[in-house]
Amino acid sequence: MKRFIIIGNSAAGVAAAEEIRKIDNSSEIVIVSDEKGNAYSKCLLTYYIMGKISRSQLEFKDTGFYEKNNIKLVSGIKAVSINRKDKKIVLENKEDISYHKLLIATGSSAKVQNISGQKEGAAYTLRVIEDADKIAEKLKTVDSAAVLGAGLIGMKIAHMLKEKGKKVFIIARSNQILSQMLDAESAGFLTGHIGKEATVLTGQDVSEILYSNSKMAGLRLLNNEKIDCGMVITAKGVTPNTELARAAGLVVDKGISVDETMKTSDNDIYAAGDVAESTDLLSGKKEIKALWTTAVEQGKIAARNMARLDSAEQAGQEIIYAGAVSMNSMECFSIPCISAGSMHGETTEVFDYRKPGQAVLRRIFVKDNRIFGFVTIGDIRFAGILNRLLCEKKDISSIKNVFNSAKLTRANLLECIGEQGIISSMEKQ
Amino acid sequence: MKKIFCDIKKCMHCRRCELACYIKNADVRDIFEAVKLAEPPVKNIELIQMSDNSMPFICRQCDEPLCVDACISGALYIDKKLNYVCLDKTKCVGCWSCIMRCPHGSIRVSKHTALKCDNCVSKEKPECVNACPTGALALNEND
Ligand SMILES: Cc1cc2nc3c(=O)[nH]c(=O)nc-3n(C[C@H](O)[C@H](O)[C@H](O)COP(=O)(O)OP(=O)(O)OC[C@H]3O[C@@H](n4cnc5c(N)ncnc54)[C@H](O)[C@@H]3O)c2cc1C
Ligand code: SF4
Ligand code: SF4
């Protein structure tokens, strides 16, 4: 019997397993994970620490998901190597399992930063559930905390700290918050609105952890300034878990290199999610998009190609991945915020819209009558359609004149796409 | 999968579909109770004035719903019985990834969670379809 093996039991791996099962209901599907138990969403960890959701609510699939889909879960065991010649993976308990097709969906890990003077119990990172439990425990003993890094995860952590009633410092090395997600102006606008909730220090870094009576007392910054806080959580980005692929001799650059079917340099091995490199739809460059949405999307595409391509009659019918677009969505200290695409470089026109006195900003970046990027803060209603115009590379010249005004409506956006509403096709004739 | 369709020749633009959706979402008996609520209710169906006509817009119940793939919490799911794209509000954490992805702009924010049309999965027929006095709205098999 054919066997599909998936390493990694998270966004990409689970989406892939489910998709393979939709196409192929007889082959064996095995998910291997070094984390124990059912899959859970890392994106929910800050809400879990806040107490907004319970341990069981971290699981994003129904109970019985594995049984219902006849997926074998080997959890709590690490895969230590891939034997490409014999098409086997080797587990840490020395067992091996052979595969017909393999998906590497090993994700990424939080980058660690060694801060001078760091002792046990001062610096934390957040990636897995154990990290969350440790942070929750430590939070019981401190009144204030600092977050190092002001990316999406850093800002989510900062928000969580605020919700837990702590005094919060956000320390960003770059000159703005959310530098992967926002242009400098939007970031400045947002910072202005969250300034009451947290102290945002940009263009800064930590030089040393300070102690008093062997308890963490604060941080010294590069400019010698001191801040008082009882713990520090670093959120300085992620590193893809490429060791397995590298050791097996697969082509790895920033992440595992894949073609547009999500196949690696080995015909029987695919990769998806935070560990895989994909082509940016706008720039054509190879990049890693470490996002839930992209991981699911890539997992599904890999799965379709893995499951369909063996049968001779379907050869050449690969599902092609058009490429990924950077897109981010979050509630940043109670202000909804969605952006996509590129806000730097290639743009020739920028359209701004603000609502006086409110935390509402919309910026649309246009080149050659195409949307290259957009930011919506405060009012996110149009984000999905703007995103579609961007991804489908639509000509927006007919509505450009209202981009910077309140006259931009769902109607003119939908009309620009050529959306026919909910008229049934019978009546359209 | 069944979807809500509109025969625009029959649509009188009376907005009763919108009212019915308000009332259903607010979980009240009528519009008088709905307007008294502290936070105004949100509707999933919207009569939109396009350049040549107005017509109602509602979630398309996509066959490959991008909103479900985007959801970080598992709150969005496909109902096993009828295959409708549904939302479990108790799981939603309000990250708005679904709003970022829905290509039709069909997802709304209501009381810190997302809100979307589920074809009134728990009822026999969608409330907007029931409310439409001209029979313009209908729940039909996708054609
Ligand atoms: C706190 C936090 C908040 C986030 N918030 C958001 C958000 O709001 N929106 C968003 O889009 N993204 C968010 N992300 C990012 C998102 O979680 C990731 O993009 C997503 O989880 C990637 O999924 P993945 O399947 O590629 O890999 P991962 O989720 O990293 O999972 C990979 C799995 O593989 C396992 N594994 C690795 N190596 C091996 C091995 N050798 N053997 C066996 N198992 C192995 C790992 O233990 C892990 O369980 C957040 C991340 C964090 C940490
Ligand atoms: S909410 Fe949007 S993406 Fe989801 S099913 Fe409806 S129309 Fe499709
Ligand atoms: S807002 Fe709620 S339903 Fe939408 S993606 Fe986030 S968790 Fe899922």
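## Cysteines

In this predicted model, Cys14(B) is partly exposed, with a relative accessible area of 40%. Its sulfur lies 6.3 Å from the closest cysteine sulfur, that of Cys132(B). That is too far for a bond, because a disulfide needs the two sulfur atoms within 2.5 Å. Over all chains, the structure holds zero disulfides.

Cys59(B) counts as buried, at 9% relative accessibility. Cys59(B) is also among the residues closest to ligand 2.

## Ligand 2

The shell around ligand 2 has 14 residues. The closest are Cys59(B), Cys62(B), Cys67(B), Cys102(B) and Lys116(B). By class, the shell splits into nine nonpolar, three polar and two charged residues.

## Aromatic pairs

The count is three aromatic pairs over all chains. One of them joins Phe60(A) and Trp292(A). Their centres are 4.9 Å apart, with 85° between the planes, and the pair is edge-to-face. Phe60(A) sits in the loop between helix 2 (45-50) and helix 3 (65-68) of chain A, and Trp292(A) in helix 8 (residues 292-308), so the pair ties together parts 232 residues apart in sequence. Both residues are buried.

Phe65(A) and Tyr66(A) also pair edge-to-face: 5.2 Å between centres, planes at 80°. Phe65(A) is buried, with a relative accessible area of 6%. Tyr66(A) counts as buried too, at 8% relative accessibility.

## Charges over rings

Lys119(A) places its charged end over the ring of Tyr211(A), 4.1 Å from the centre. Arg55(A) lies over the face of Tyr40(A), at 6.0 Å from the ring centre.

Notes: Residues numbered from 1 in each chain as written. Chains lettered and ligands numbered in written order. Predicted model: local features only at pLDDT ≥ 70, side-chain atom pairs only at ≥ 80, totals over all residues. Heavy atoms only, no water. Near = heavy atom within 4 Å. Nonpolar A, V, L, I, M, F, W, Y, C, P; charged D, E, K, R; others polar. Buried < 20%, exposed > 50% of the residue type's maximum accessible area, 1.4 Å probe, protein only. Phe/Tyr/Trp six-rings, centres within 6.5 Å; stacked < 30°, edge-to-face > 60°. Helix = DSSP H or I, 4+ residues; strand = E, 2+ residues; numbered from the N terminus. Lys NZ or Arg CZ within 6 Å of the ring centre and 35° of its normal.
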